[in-house]
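This report describes a protein–DNA model by its sheet, its helix packing and its DNA surfaces. The sequence and structure follow.

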Number of protein chains: 2
Amino acid sequence: MDMNCALPDRDSGPCQAVEATLSRIGDKWSVLVVTLLRGGSRRFNEIRRLVPSISQRMLTLTLRGLERDGLVLRTVTPTTPPRVDYELTELGHSLAGPLDALRDWAVAHRPAMQAAQAAFDGRHAEAA
Amino acid sequence: MDMNCALPDRDSGPCQAVEATLSRIGDKWSVLVVTLLRGGSRRFNEIRRLVPSISQRMLTLTLRGLERDGLVLRTVTPTTPPRVDYELTELGHSLAGPLDALRDWAVAHRPAMQAAQAAFDGRHAEAA
DNA sequence: CTGCATCCCAGTAGATACTG
DNA sequence: CAGTATCTACTGGGATGCAG
């Protein structure tokens with residue numbers, strides 16, 4: 001999070017910013033949750049149901065992290081039972097562009113990556 | 001890497017692709033190395049010098065991963081001492097667009113994120 | 001319903017030393 | 001020069017149980 005950065009063509013400002021951003025969205029769940037919330041406000045267990053493979057703990061941690069970084073707004077309605085809604089902030093919505101770019105690249109080039117992986121693994125299977 | 005994906009507005013294809021991509025570039029060093037190689041071919045220890053904080057082991061592992069996924073080409077020249085050059089493949093270069101988009105977003109919104117973090121931490125410091 | 005606390009395991013980073 | 005091997009330490013993340 002606070003590493004040296006010796007890129008030749010760029011000072012450390014952009015580099016640290018990218019590092020910080022990747023350590024936020026580079027984890028296992030953040031992009032998934034953010035993408036989900038692009039569809040509108042959701043309650044806690046609603047998200048859980050939509051992402052069955054996430055554990056309660058990780059959803060809590062992910063939402064806390066996103067809230068801390070100002071990407072998600074958490075609204076508590078103190079009824080009984082309590083109701084907590086999560087929605088993207090404007091900052092959160094502004095991530096849509098870069099995320100779409102990444103998704104488009106990922107979709108377009110995944111076959112190439114998988115082919116490269118298969119070729120690499122085949123090349124190195126002979127050794128074993 | 002092979003997780004369930006229950007996004008409402010997208011089938012699992014794009015989602016898995018994004019997951020795969022993030023697990024590639026979401027680590028600590030890959031983006032740094034790729035960005036570095038955008039400036040042209042580099043030798044192993046050349047990269048090490050340019051990224052002083054990376055360990056020899058992690059540089060090896062990072063380059064292997066990128067090579068396996070077809071983003072980086074590894075060229076061995078069997079002289080004494082041996083010479084190994086790394087350069088981006090066409091696939092690697094195609095990452096430039098999304099990476100730039102991410103960097104621009106990161107640079108533009110980092111102040112907002114840092115402010116949000118400070119506010120969040122301040123809000124929760126009172127509790128302690 | 002929401003979410004915090006605890007325990008526990010597996011994966012992965014780092015340091016160091018050694019090899020072709 | 002360009003790695004590999006090994007060992008240790010840290011962290012992410014799942015399971016479970018408890019609380020407001």
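## Sheet of chain A

In this predicted model, chain A has an open sheet of 3 strands in the order 1-3-2, with antiparallel pairing. Strands pair if DSSP finds at least two bridges between them. Strand 1 (42-43) and strand 2 (72-77) of chain A are the edge strands, each pairing on one side only. Strand 1 of chain A is joined to strand 3 of chain A by 2 bridges, and the two run antiparallel. Across from A:R43 stands A:D85, in strand 3 of chain A.

Two helices pack on this sheet. Helix 2 (residues 30-37) of chain A touches strand 1, strand 2 and strand 3 of chain A, and its direction makes about 95 degrees with that of strand 3 of chain A. Helix 4 of chain A touches strand 2 and strand 3 of chain A, and its direction makes about 115 degrees with that of strand 2 of chain A. Angles run from 0 to 180 degrees between N-to-C directions, and axes are lines fitted to C-alpha atoms, for helices over the stretch in contact.

## Chain A overall

Chain A has 6 helices and 3 strands. Its elements run α-α-β-α-α-β-β-α-α from the N terminus on. Helices (H or I, at least four residues) and strands (E, at least two) are DSSP runs, numbered from the N terminus.

Of the 128 residues in chain A, 43% are buried, where buried means under 20% relative accessible area, exposed over 50% and partly exposed in between, with a 1.4 Å probe and protein chains only. Among the contacts in chain A with a separation of 6 or more, 43% are between residues 24 or more positions apart. A contact means heavy atoms within 4.5 Å.

## Between the chains

Helix 4 of chain A meets helix 6 (residues 96-125) of chain B: their axes come within 8 Å and cross at roughly 115 degrees. On the chain A side the residues are A:R64, A:E67 and A:R68; on the chain B side they are B:A116, B:Q117, B:F120, B:D121 and B:R123. Ala, Val, Leu, Ile, Met, Phe, Trp, Tyr, Cys and Pro count as nonpolar, Asp, Glu, Lys and Arg as charged, and the others, Gly among them, as polar.

Helix 6 of chain B also holds B:R103. B:R103 counts as buried because its relative accessible area is 17%. The side chains of B:R103 and B:D104 are joined by a polar contact of 2.9 Å. A polar contact is a pair of N or O atoms within 3.5 Å; within protein, one must be able to donate a hydrogen and the other to accept it, and residues adjacent in sequence count only if both atoms are side-chain atoms.

Of the atoms of DNA strand C that come within 4 Å of the protein, 67% belong to sugar and phosphate. A residue is near a molecule or strand if one of its heavy atoms lies within 4 Å of it. The residues of this surface divide into 8 nonpolar, 4 polar and 6 charged.

A:R43 has a polar side-chain atom 3.1 Å from a sugar or linking oxygen of DNA strand C. Two or more residues of the surface come from each of helix 3 (44-50), helix 4 (56-68) and strand 3 (83-88) of chain A, and from helix 4 (56-68) of chain B. Helix 4 of chain A gives the largest share, 4 residues.

## Surface near DNA strand D

Around DNA strand D there are 19 residues, of which A:R57, A:M58, B:Q56, B:R74 and B:Y86 come nearest. Sugar or phosphate accounts for 63% of the atoms of DNA strand D within 4 Å of the protein, and bases for the rest. By class, the surface has 8 nonpolar, 5 polar and 6 charged residues. Helix 4 of chain B gives the most to this surface, with 4 residues.

B:Q56 has a polar side-chain atom 2.4 Å from a base nitrogen of DNA strand D. An N or O atom in the side chain of B:R74 is 2.5 Å from a phosphate oxygen of DNA strand D, and one in the side chain of B:R43 is 3.0 Å from a sugar or linking oxygen.

## Conventions

Residues are numbered from 1 along each chain as its sequence is written, with chains lettered from A and ligands numbered from 1 in the order in which they are written. Local features need pLDDT of at least 70, side-chain atom pairs count only at pLDDT 80 or more, and totals for chains, interfaces and linings use all residues, while side-chain values use heavy atoms, with hydrogens and water left out.
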